[in-house]
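Let's take a friendly walk through this model, from the way its chains meet to the way one chain is divided.

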Amino acid sequence: MTLFEPVIGIEVHAQLKTNTKLFCGCSIQFGDKPNTNVCPVCLGMPGALPVLNRQAVEYAVMAGVALDCDVRPTSVFSRKNYFYPDLPKGYQISQYDQPICLNGFLDIVVDGVTKRIGITRIHMEEDAGKLVHQGSDTIAGATHSHVDLNRACTPLIEIVSEPDIRTAQEARLYVEALRQRLVYLGICDGNMEEGSLRADINLSLRPVGATSFGTRTETKNVNSFRSIERAIQSEIARQTQLLVAGERVVQQTRQYDESTQSTRVLRDKEDSHDYRYFPEPDLYPLVLSLDWIQSIRDTLPELPHAKAARYRGAGLSDFECDVILSEPETSRYFESCVSTGADAKAAAKWIVGDLNSQLKELKQSFAESKLDPAGLVQLLGLIDSGKISGKMAKDVVAQCVKTGHAPEAIVAASGATQISDTSELTAVVDRILDANPDVVEKVKGGKANSADFLMGQVMRETKGRAKPDLVRSLILECISRR
Amino acid sequence: MANWQRSAVELAQAFRSRTVKVVDVVRELWAHHDQVEPSVKAYISTFQESSLTQAAEMDARFDRGDDLPLLAGIPIAIKDNIHVNGVQTTCASQILKGFVPPFNATVIDRLADRHVIVTGKTNLDEFAMGSSTENSSFHTSLNPWDLSRVPGGSSGGSAVAVASGQAVVSLGSDTGGSIRQPAAFCGVVGLKPTYGRVSRYGLVAFASSLDQIGPFSRTVADSALVLDAIAGHDPKDATSASRPSGSFYSTLSPTVAGLRIGVPKELFGPEIDPGVKAKVVAALDLMRANGATWEEVEMPSLREAVSTYYIIAPAEASANLSRFDGVRYGYRDANADNLRDMFRRSRGAGFGAEVKRRIIIGTYVLSSGYYDAYYTKAQKLRSLIVRDFAQAFQKYDVIVTPTAPSTAFKLGEHAANPLAMYLADIATIPVNMAGLPAISVPCGLHAGLPVGLQLVGPAFGEQQLLNVAAGYEALAQFSAHYQSPIFAGGTHA
């Protein structure tokens, strides 16, 4: 039986986090009352003209630089013509044959092995509005269809990958890495639920070893990581089934349905539009100076893969790097701790561990944490100086994130500082040894584990406030003297 | 001379000396309008009440001695494809039924800053597509020199308003000759500025890379005055030029002495009516007698200009007119039973025949498989036209042609043959293709009908163009000599 290999390319639409729309001064705020963030330009009124948003261009260039693309000094906006009620002008202004960026790449790590995914191009375009149907999910069968143009003219970049992806896992890793990079650049909020990042998946199969491509389908607007994996798995299964049965894959545009976890046909190739692209006469070609591109390159924020390398150098594990880099605010938190003197490994341990789980429980982000980086640094200091034990610190963290009080204040209020006074502890240790002569004998006989029991007794006696390493050495010392 | 017959420059002076009141001018203008408008039908809508209120305000301010701009109180008519906030814009189309723009065109804002008085919105060929106003879905405007003839188009209403004395000056738009050709047919001055000189914001687009707003007037100085008001960079139009406009009126210096004139052979051959050609030669000779030189020059790409234009302009128009889909404003067919049907029926009923013809041509030339053969090739020809003009301007200060190959034609004369109508713009179209400034001035009468002389200048050379036009005006005294019977007599012929 022929074995098939999937060939996958992904187009990601990312909404740019600009202050205003791509061609007018309206806000791009999500979730506002319908048709409130609109003006003659984004409503497509006759006589209105587009003016390009400089910030959006800057963001597109940042994306290009961060993805190792060639940023082109001249790019051209075109009109993509089609009729739909959510497209106010009857055409979308989009870059077409002369996009702003070409030839980049993004490295992903698949099961420990680095794989390079080529990026064909990045182009800028405006988003369409949104239809809300009444009485049906689609326009056919709806009693009313409402047009909301708040989203119309929102700036997007479309990032087109080479067909270098082979598995659903790789696809997911690619989109995750891409999202992370855009979020770290501060140019996209990466919110897939709100549609700030959407993926179109081009997928075909070919016999393993073949070099030419099979007939592909395009699955539109997949908007979660899980859906990307599932859509690809189901489409691979569907195409495999066709090919094994000796049938052909038909070139189509398909849609992923989360409820059935499968794709269904949206339109066949024969129904595909002739978009009649031509250069947008209302906008001259976009010409960027090399100096400007260079200044963007020079001031680019540090990217997650560079940060990861730096963190690993400071002794962090891959897992700790992943957790800390998952959101920019977590890495900001971490770096703020380190820059105010915290030991990187110690800070990472608390950020990835207790603090992370406490915040998750409260459904808070690191930016919202009531234990701020200065607080965590203070806590680490208390542990370091032996004032509290690690175990005590866990309770302090829990109280800090709930109350917002400083660790020192919490410790002082509870009076629960660690006992590290040798004479005070020696008295306790002697009392415990006296009460457990049989255990003392076992330790003397070489059963080191039995010392743990004695430690536990001492800790109970001191309500956990004794400094553990000091207690252990005192136990051994006192036993040896007997 | 009646007040409404005076030029803007004369009125500006009279207002300041308080020898003439703004209210009197406006009132007399409307009285004259009542007499002549039924014959010539220049307007789609008029603002009589608001114009009188504004006039009274202006008089109060002149009485107070306020220092007002020269255009203050001057009655101006606006082509009905330029938005005036809160007033319906029709583009002479049914598809815009009920559409009231919520914003002013930039030119209207700038004129309002100068306290002009807007008299009304003037008739045009639907969406500015045509050369006679016969494509208006409301009515055809008539030539004040001969009511059996067209006034030219597409800005026919604006030309008629000025030529018949129903406005002192007016605004039109020019995509392939839509200001200059009606100016020629009606015996008035019409100026198309350099592409990018005047903001297009608020002008309903026909062909975005060619459209430009400009003035009609009865004297060259009045056009300079209006251009001063409307020109200059506009942040709302990305194609508007960011260069200083200067003051065309105050630096106007009428002269033709030392002028080197080139006359393209391609626009001086058998396609030009001999009677028209004779008047143009006479005008050239008059300038030669006063220190200018002229000779013929070859500009071979001009022969292809009309064909090139009828690919590029419809291509752009086909996209520009897509927004009229019945969804958000304008006419919507109520009987459609699905979305596609609603688009088809609304557009099918809302657009007239010529507009549909151009949408179809434009859609065709942009279609996959035809794009390179038509659109790409047309763009190449366009750059040849640009190059031919650039070369000519190395040798000549101005290029002169007849504005139109004939005088005003009869109503319905070209109704059966759209191509013959398209050729009415043979001399004006190349100028739009190259984005250059050009002005049409009257240069005599042929068989009782005005002939237009087109002067073309290099990009952003409006000042020199106006100087030359005013120089010729001083020699020919056309504003006194060539007045339509309706204007001169106050009643129609």
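## How the chains meet

Two residues are in contact if their C-beta atoms, placed from the backbone, lie within 7 Å. By that rule, 27 residues of chain A are in contact with 32 residues of chain B. The chain A side of this meeting comprises 18 nonpolar, 4 polar and 5 charged residues; here Ala, Val, Leu, Ile, Met, Phe, Trp, Tyr, Cys and Pro count as nonpolar, Asp, Glu, Lys and Arg as charged, and the others, Gly among them, as polar.

This is a predicted model, in which local features need pLDDT of at least 70, side-chain atom pairs count only at pLDDT 80 or more, and totals for chains, interfaces and linings use all residues. Residues are numbered from 1 along each chain as its sequence is written, while chains are lettered from A and ligands numbered from 1 in the order in which they are written.

## Chain B as a whole

The C-alpha trace of chain B spans about 65 × 55 × 45 Å along its principal axes. Of its 493 residues, 61% count as buried, that is, with 20 or more other C-beta atoms, placed from the backbone, within 10 Å of their own.

## Two domains in chain B

An automatic or database domain assignment gives chain B domain 1 (3-300 + 384-489) and domain 2 (303-382). Their C-alpha centres lie 27 Å apart. Domain 1 of chain B brings 34 residues to the contact and domain 2 of chain B brings 26. On the domain 1 side, the residues divide into 20 nonpolar, 10 polar and 4 charged.

Technical notes. A residue is buried if 20 or more other C-beta atoms lie within 10 Å of its own, exposed if 12 or fewer, and partly exposed in between; C-beta atoms are placed from the backbone.
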